[in-house]
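Please open the model in your viewer and keep the selection tool at hand. The stops below are meant to be taken in order.

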Amino acid sequence: MAPGDGEQLLSYPIPSDTALGPPAEWARLRQRCPVAKVALPSGDEASLLTRYDDVKQVLSDPRFTRLLNADDAARVSDSESGGVFNSAMAQSLPQGGEGHQRWRRMVARWFTAKRMSALRPGIEAMAERLIDAMLEHGHPADLKAHLAFPLPVWVICDLLGVPDSDRDRFAHWSDTLLNLTRYQQSEVDAAQAEFADYMAAHVAAKRTGPGEDLLSELITATGPGGHRMSDAELVATGQALLVAGHETTANMIGKMTAMLLADRRHWERLLADRSLVRTAVEEALRFDANPGFGMPRYIGEDTEVADTLLPRGTTVVCSMAAANRDETAFEGAGELALDRSPNPHLAFGAGAHSCLGQALARTELQATLDVLLRRLPTLELAVPAAELRRLEGLAVGGLRELPVRW
Amino acid sequence: MKVTVDQDRCVASGQCVVAAMEVFDQRDEDGVVVLLDPEPRAERAEDVRHAAAVCPALAIAIED
């Protein structure tokens with residue numbers, strides 16, 4: 001019996017042979033085993049979903065909660081803190097229901113399409129500055145270190161009203177919070193404590209001297225029923241935005257650029273027709289075969305997915321990346337089609353918990369790609385695509401580095 | 001074409017505004033969808049269908 005059919009547990013995450021390609025296992029699971037029993041890094045068992053319709057259904061169904069602290073829920077990792085999915089920060093924000101919606105809507109006003117258009121020139125200017133520095137360094141250069149990693153930290157620091165001089169500290173805190181393997185637990189704890197202290201002092205400073213930033217506005221904003229955010233909520237909101245918005249976007253800038261350069265015909269097509277940038281970004285998001293863990297969910301009642309009974313107490317893992325390669329949902333799913341439209345991919349999830357910062361992520365990706373095409377039309381990989389290496393992490397997937405020349 | 005939106009389900013992704021800004025907008029206070037034109041003209045139909053397809057909350061319904 002093949003792994004995933006019940007006899008032998010498939011280990012999750014499923015490794016892939018290449019940095020940019022999907023594991024071969026996905027296609028088999030989608031076809032023959034849409035609800036696959038898997039063993040998580042903790043050793044606990046979960047059910048893996050890989051089909052587009054199933055993943056979208058579960059992510060859109062509020063009965064599937066994010067309450068992974070239930071007694072019988074599977075633990076994702078066996079690290080003491082349980083990693084980012086169970087952090088103290090995650091626990092200080094409402095995780096579901098009305099409280100979650102109220103919190104989300106107070107923050108969402110900062111991510112509207114209009115506001116994104118207003119932010120775009122500033123983001124392009126940041127990308128220009130980082131590329132200037134990369135040009136000064138000369139090639140070959142690691143595009144991840146020079147551009148992809150710093151850009152989203154700069155954007156988030158601006159959003160939070162954090163001075164430029166503290167950007168490096170934010171980058172470090174973000175890195176320690178998400179890299180479950182690279183740092184010792186004591187380093188992670190120390191970084192978390194430092195970050196929480198910094199944010200508490202920062203919130204206090206914004207109370208006395210408000211600026212034009214998200215935190216300053218949230219301090220005085222009132223939600224439905226006159227609700228105001230507590231200091232703990234404000235601190236956790238700032239932390240959550242960094243954790244959710246930094247490494248994800250940083251890695252996606254790297255992977256998107258790598259995808260477009262791995263077969264340089266894609267890059268040349270974009271050079272010839274810049275109007276494709278928007279759909280190209282969506283397609284890169286869909287095509288990303290290494291986005292990280294996926295979305296774990298817990299179901300508190302018996303239910304059915306793909307004609308399979310999921311008993312109460314089941315932890316499911318939704319693989320949005322596998323779903324995004326589902327041939328029944330996307331014609332030519334295995335091909336990167338830069339003009340695909342509409343592109344209802346699930347890279348940002350779906351339903352009430354779909355990525356809050358998705359409009360910002362899109363804007364950063366579009367701005368970066370536009371500036372790269374404009375400034376470095378001769379950009380190319382400095383190593384064969386087969387030599388690109390995956391970042392070994394759990395929460396967010398990416399490339400270790402992206403060596404380029406121009 | 002008749003369009004309806006479900007403001008309770010809306011997650012403020014802004015995707016509908018990008019796809020069809022003559023038909024959809026977002027509230028300033030929380031980014032929730034506002035329907036500007038519940039019966040869009042035929043030449044906007046494709047954009048509106050696009051908006052409904054990419055809405056992550058499935059909050060846009062279309063009746064032809």
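Predicted model: local features only at pLDDT ≥ 70, side-chain atom pairs only at ≥ 80, totals over all residues.

Residues are numbered from 1 along each chain as its sequence is written, and chains are lettered from A and ligands numbered from 1 in the order in which they are written.

Select residues 231-245 of chain A, helix α11, whose 15 residues reach 21 Å from first C-alpha to last, close to the 21 Å expected at 1.5 Å a residue (helices are DSSP runs of H or I, at least four residues, numbered from the N terminus; the expected span is 1.5 Å times one less than the number of residues). Because 11 of the 15 residues of α11(A) are buried, this helix is largely enclosed by the rest of the structure (buried: 20 or more other C-beta atoms, placed from the backbone, within 10 Å of a residue's own); among them are L234(A), Q239(A) and G245(A).

Next select residues 247-262 of chain A, helix α12, where 14 of the 16 residues are buried, so that α12(A) is largely enclosed as well.

Then centre on L177(A), in helix α8 (residues 167-178) of chain A, which is buried, with 24 other C-beta atoms within 10 Å.

Finally, display both chains: 18 residues of chain B are in contact with 20 residues of chain A (contact: C-beta atoms, placed from the backbone, within 7 Å). On the side of chain B that touches chain A, α1 (15-19) and α2 (45-54) of chain B each supply at least two residues, and the largest share, three residues, comes from α2(B).

Definitions and conventions:
Buried ≥ 20, exposed ≤ 12 C-beta atoms within 10 Å, placed from the backbone. Contact = placed C-beta atoms within 7 Å.
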